[in-house]
Amino acid sequence: MQKPKILVTGGAGYIGSHTALVLLEAGYEVVVLDSLINASRESLRRVQEIVGRELVFIEGDVRDRACLDRLFGDHDIYAVIHFAGLKAVGESVEQPLAYYDTNVGGSLTLCRAMHAAGVFRLVFSSSATVYGPDAPVPYRESMPRGRTSNPYGTSKSIVEQTLEDLVHADGRWSVSLLRYFNPIGAHPSGRLGEDPQGVPNNLLPFIAQVAVGRRQALTVFGNDYATEDGTCVRDYLHVMDLAEGHVGALNRLGQAGLHIYNLGAGKGLSVLQMVEAFERISLRPIPYHFAPRRDGDLAAFWADSQKAEQELGWRAKRGLDDMIADTWRWQRQNPHGYRSEINVKSQGTSKC
Ligand code: NAD
Ligand code: WQD
């Protein structure tokens, strides 16, 4: 029996492209909507090449209601996985309007278009950042959302609250809020991975660019935290595990209501532990120096992911060595990301 069609907004991006691949492998039909503001269509060409199946790609903006109406008219969509958004914390402080417009406004427009099309199943990309600085670790879904410290985090919190209200107001909706911890890694083929534009904000892409010689040294933000080695502790999980979590969440959408899950490995690792692991696996030195703390960073947090295990049958299966080996394979094989193949013509693409 043919599996249903899933709309993946932001599907050309880092997590979206890995999820599109996992969906295709699981037999789903996939329609990707992406404005390409932070992605390359090359990622989707490679997804199709790896899986040996085609998806539909529509270049368009999730804030464009007419585009969404056309899309829902042309495709019988079973559920939407909504990745599309802006995600750089520092940039969100400088450009709050852009972040609220895309992340909040885009989500509202999407929900209105879904409602008009009679599609009431939604998986939303949220973040561990919604727990805020005062939550005790490990974070559990039963804890309330906390205060946020930047427009990016606030935008995720607002969308969560909006979706919660929507589910309460209209019993037809089934919404999963997936709170990601720190996704890293890449597809094991080395063909898909994270391709940040400019200077990477996140730790692993920065370390990988140092290892491959694109940057001289890592700046470690803070070595005076109350952690074992003084550097911040995070819960890193493999992007392929994260992608698989979305398939689990889709299955849960058969049941109306609000479903909230942490997707994390449940284990904290420090910045220096990540540096050491990268050196061990890549056999490259990662020079680093300490600098003052980065604004807004928390000392340590990790997930309690038992709820996802019990209700979705999901847990992070891949360990630290796999995460780093896959990151390194991707970076080594694609030192400049997708850029060298950015002009490759792709098939099955239309503009909205
Ligand atoms: P990404 O930037 O690689 O992917 C986002 C995609 O959305 C990009 O392909 C971009 O081109 C597209 N996009 C942006 N604005 C759009 C718009 N208006 N219309 C259509 N497409 C648009 O980021 P990612 O790391 O893959 O993150 C995916 C989602 O997960 C985001 O919502 C992000 O906030 C969330 N998230 C990411 C992390 C992380 O550490 N990467 C952690 C928690 C949550
Ligand atoms: C991890 C650790 C840094 C870079 C962010 C967002 C969060 C989510 C995921 C997504 C921290 C340290 C980093 C560097 C460093 N967002 N670091 N030198 O901050 O946990 O989470 O990304 O959409 O909302 O806040 O992840 O990878 O930026 O940092 O020392 O050059 O590495 O201080 O302790 P973070 P990160």
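Reader: Is Gln331 buried or exposed?

Author: This is a predicted model, in which local features need pLDDT of at least 70, side-chain atom pairs count only at pLDDT 80 or more, and totals for chains, interfaces and linings use all residues. Residues are numbered from 1 along each chain as its sequence is written, and side-chain values use heavy atoms, with hydrogens and water left out. Buried means under 20% relative accessible area, exposed over 50%, and partly exposed in between (1.4 Å probe, protein chains only). The relative accessible area of Gln331 is 6%, so this residue is buried.

Reader: From which residue does a backbone oxygen lie 3.2 Å from a polar atom of the Gln331 side chain?

Author: Gln331 has its place in helix α11, residues 320–333. Beyond its neighbours within four places in sequence, Gln331 is in contact (heavy atoms within 4.5 Å) with residues including Pro205 and Arg214. The backbone oxygen at 3.2 Å from its side chain belongs to Pro335.

Reader: Which are the edge strands of the open sheet?

Author: The sheet has 8 strands with parallel pairing, in the order β11-β6-β5-β4-β1-β2-β3-β14. Strands are DSSP runs (E, at least two residues), as helices are (H or I, at least four), and two strands pair if DSSP finds at least two bridges between them. Pairing on one side only, the edge strands are β11 (257–263) and β14 (349–351).

Reader: Which residue in β4 is the bridge partner of Lys5?

Author: Strands β1 (residues 5–9) and β4 (residues 77–82) run parallel and are joined by 5 bridges. In β4, the partner of Lys5 is Ile77.

Terms used. Chains are lettered from A and ligands numbered from 1 in the order in which they are written. A polar contact is a pair of N or O atoms within 3.5 Å; within protein, one must be able to donate a hydrogen and the other to accept it, and residues adjacent in sequence count only if both atoms are side-chain atoms.
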